[in-house]
Amino acid sequence: MATVNDNYLKLKAGYLFPEIARRVNAFAEANPEAQIIRLGIGDVTEPLPEACRSAMIKAVEEMGDRASFKGYGPEQGYAWLREKIAAHDFQARGCDVDASEIFISDGSKCDCGNILDIFGDDNSIAVTDPVYPVYVDTNVMAGHTGEVNDRGEYAGLTYLPITADNNFTAAIPSQRVDLIYLCFPNNPTGATATKEHLKAWVDYAQANGSIIFFDAAYEAFITDPSLPHSIYEIEGARDCAIEFRSFSKNAGFTGTRCAFTVVPKTLTAKAKDGSEVQLWSLWNRRQSTKFNGVSYIVQRGAEAVYSEAGQAQTKALIDFYMENARIIREQLTAAGIQVYGGTNAPYVWVKTPNGLSSWEFFDKLLHTVHVVGTPGAGFGAAGEGYFRISAFNSRENVNEAMRRITEKFKL
Ligand SMILES: *Cc1c(COP(=O)(O)O)cnc(C)c1O
């Protein structure tokens, strides 16, 4: 009989979101009149910018005309999109990133997982705790870990706790690790990294021959002008970092699908024979072999993000969500709840009051004010005692949820 990849059997059952759904459904059944507001979602809610829609409509029309029809595009993405990204997102911020180092894809989630294809199986790996689960699960699938324990930690991974005690920025490990996943602005904590903090990671990576996987999916939500948007704003990062970006959160492309990964040509890692190999060539080979590019129509939609109208419209979208975040922060604080994040990220990370566990707070919020969030413990053991509230929602829902919490929620 054919065999399976046994590593998949090590994955702990998708617990967090099914368990949330189970508790919400049970409550809704018992309380059919309750108007439940969901502030747990990590998905955008507002429609696509007009500039992106018209660009895609125009692209659809081009596809209907023999003269302008497009078949397979370049696996790496169209040059006109890669050039705009390089100029706007990197060169304008002083980052030395060339268009040829940008690989367009249909999502950062897949890129974060697929990147492991070009790395050896013997690398030591560090993730933060709490963490975006994709980093962990893709390493489990690739056989880079042992079994999971009761706390949800996999043997063989290095977990770097991020809590209020370290301002939600992990301490640089004392031991050597080969691959490090960093996400700033952070999902789920909403924390950001200063240039100094990123510089410490780049120095560490350079000293240890490590590679940083830098997930900047939320960079557009940064409002503090002193904070770096890209790891390439840090000197030396071209020699130790790969950056993941996405149009999902800044332009509402979660259902449209377009993202990109930056692999500098100067980045190398070691082969078994001890030679240094350029990672760009491997990723280029990987993408050319296993990927056939993002739809022409969608790439035209993404290109429109960089037009004058597109810039104004995406900024308005982000401002809208950040105003939600401000309201959430303010109202929860007024209700006597300690909050973090939400000023440079669309997530507010709540310290559960009165020593309640993440799930106890979840139940209390659901039962007393019919508001749903995400228990921090679901993102990792160090997320226990925290709770994520997302700013991705309508203003009406945010206002109503906050009204109920400030008026009715008793600590
Ligand atoms: C939403 C998100 C992404 C983007 O994923 P896509 O596949 O591009 O939609 C990447 N990283 C994190 C941490 C996210 O929350």
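**Backbone geometry and domain arrangement**

F168 is placed in the loop between β4 and β5, where strands are DSSP runs of E with at least two residues and helices are DSSP runs of H or I with at least four residues, numbered from the N terminus. The model is predicted, so that local features need pLDDT of at least 70 and side-chain atom pairs count only at pLDDT 80 or more, while totals for chains, interfaces and linings use all residues. Residues are numbered from 1 along each chain as its sequence is written, and side-chain values use heavy atoms, with hydrogens and water left out.

Phi of F168 is positive, near 60°, although the residue is other than glycine. N167, placed in the loop between β4 (157-161) and β5, likewise has a positive phi, of about 60°, and is not a glycine. F168 is buried, with a relative accessible area of 3%, whereas N167 is exposed at 58%; buried means under 20% relative accessible area, exposed over 50%, and partly exposed in between, with a 1.4 Å probe and protein chains only.

A cis peptide bond joins D129 and P130, with omega of about 5°, and P130 lies in the loop between β3 (125-129) and α5 (133-141). A cis peptide bond also joins F184 and P185, with omega of about -15°, and P185 lies in the loop between β5 (179-183) and α6 (195-208).

The chain is divided into domain 1 (7-46 + 310-409) and domain 2 (52-308), with bounds that come from an automatic or database domain assignment. Across the two domains, 33 residues of domain 1 are in contact with 46 residues of domain 2, contact meaning heavy atoms within 4.5 Å.
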